[in-house]
Amino acid sequence: FTLLSGELAGYRGELGLATVQYLRAAKQTRDPRVIERAVRVASYAKLHKQGLEAARLWIEIEPNNEVARANLASLLLRNGLKTEALTAYDELIKSSSNKQARFIKLGKKLLHEKNRQQALEMMQQLVARHSTVASAHFLLSSLAEQMGKFALAESAIRQAIKLKANW
């Protein structure tokens, strides 16, 4: 019933109610698929506090799920928990066998964050921690360019080229 009422609420455009119902179902079932849906519904509804609650539950159930960990990092950032978000992003990068590809995935998410300044600051901190990864500098350049910070964009892209000239 809880899942069905959440789905119907979403269908009717009542995203707040849909989020509440999906979060309730996630807690009741502890099913990773239901939890993932609760995270997605809350994120779509821009109810980041509830999304974070669901994401934390998802990590509790599936601590090694990269999608869950990436969603947790994004929701920590959206909730203004910058230190925790930095740690979560950093752990995702460190756990990856291909840091170039991991930065590209993370960077794409950060490029679509509503709070661009916060996303840029996060990318700058990640670049400082992973300064030998060319894609990190490339994505920092992309974020900076989108925000009109051309000096930073140029500096970052020059560093990416320096690290990986044939890229």
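In the predicted model, the side chains of Glu36 and Arg40 form a salt bridge with an N-to-O distance of 2.7 Å. Both residues belong to helix α3, where a spacing of 4 residues places them about one turn apart. Glu36 is partly exposed at 25% relative accessibility, as is Arg40 at 42%. A salt bridge of 2.7 Å (N to O) also connects Glu154 with Arg158. These two residues are separated by about one turn of helix α10, because they lie 4 residues apart. Glu154 is partly exposed, with a relative accessibility of 40%, whereas Arg158, at 56%, is exposed.

In total, 11 salt bridges were counted. Among them is the pair Arg30 and Glu60, whose closest N and O atoms are 2.5 Å apart. This pair links distant parts of the chain, 30 residues apart: Arg30 is in the loop between α2 and α3, and Glu60 is in helix α4. Arg30 is partly exposed, with a relative accessible area of 37%, while Glu60 is exposed at 51%.

Asp90 is located in helix α6. With a relative accessible area of 6%, which is under the 20% limit, Asp90 is classed as buried. Its side chain makes a polar contact of 3.1 Å with the side chain of Arg129. Beyond its neighbours within four places in sequence, Asp90 contacts Leu126, Arg129 and His130.

Methods. Residues numbered from 1 in each chain as written. Predicted model: local features only at pLDDT ≥ 70, side-chain atom pairs only at ≥ 80, totals over all residues. Heavy atoms only, no water. Buried < 20%, exposed > 50% of the residue type's maximum accessible area, 1.4 Å probe, protein only. Polar contact = N/O pair within 3.5 Å; in protein donor to acceptor, adjacent residues only side chain to side chain. Contact = heavy atoms within 4.5 Å. Salt bridge = Lys/Arg side-chain N within 4 Å of Asp/Glu carboxyl O.
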